[in-house]
Amino acid sequence: MAAKIRKGDTVQVLAGRDKGKRGEVLSISPTEVRAFVQGVNMVKRHTKPQGMGKPGGIIEKEGPIHLSNLALLDPKGDKPTRVGFKVLDDGKKVRFAKASGEVIDA
């Protein structure tokens with residue numbers, strides 16, 4: 001099944017403690033249906049020193065967030081939108097923003 005949200009997309013959080021925040025998708029975990037978004041769902045991890053150059057301590061990093069709590073930003077209106085799929089005349093399948101009809105994948 002094609003992914004509606006992909007790595008590199010700019011998304012907005014729809015629910016949870018970070019509702020309203022925007023960020024770029026760093027990675028997707030399709031089996032867990034979760035994504036890591038830059039600056040969203042920050043968690044603290046206590047880590048040991050990892051040899052040369054990596055000190056231990058409390059490190060703050062992004063935690064996973066469920067894809068149902070994310071919405072892709074419309075490239076035309078800069079607002080959250082749902083995503084649809086359509087096939088172009090040349091046979092290429094692309095994503096488009098349902099709010100404006102703008103093609104996301106060029």
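Which residue takes a positive phi in the hairpin of strand 2 and strand 3? That residue is Val-33, with phi near 55 degrees, in a hairpin that has four residues between the strands. The model behind this is predicted: local features need pLDDT of at least 70, side-chain atom pairs count only at pLDDT 80 or more, and totals for chains, interfaces and linings use all residues. Residues are numbered from 1 along each chain as its sequence is written, and side-chain values use heavy atoms, with hydrogens and water left out.

Let's look at the sheet. Strands here are DSSP runs of E with at least two residues, numbered from the N terminus, and two strands pair if DSSP finds at least two bridges between them. Six strands form an open sheet in the order 6-3-2-1-7-8, with antiparallel pairing. Strand 6 (64–66) and strand 8 (80–81) are at the edges with a single partner strand each, so one side of each has no neighbour in the sheet. Strand 1 (residues 10–13) joins strand 2 (residues 22–29) over three bridges, while four bridges link strand 2 to strand 3 (residues 34–37).

Some residues that stand opposite each other:

| Residue | Opposite residue | Strand of the opposite residue |
|---|---|---|
| Gln-12 | Arg-22 | strand 2 |
| Ser-29 | Arg-34 | strand 3 |

Now to the largest pocket, where 16 residues form the lining; Ala-2, Ala-3, Lys-4, Ile-5 and Leu-67 lie nearest its centre. Strand 7 (residues 70–73) gives the largest share of that lining, three residues.

Methods:
On a 1 Å grid over the protein atoms alone, a cavity is a set of points where a 1.4 Å probe fits but cannot get out, and a pocket is an open set with protein on both sides within 12 Å along at least five of seven lines; lining residues have an atom within 4 Å of a point.
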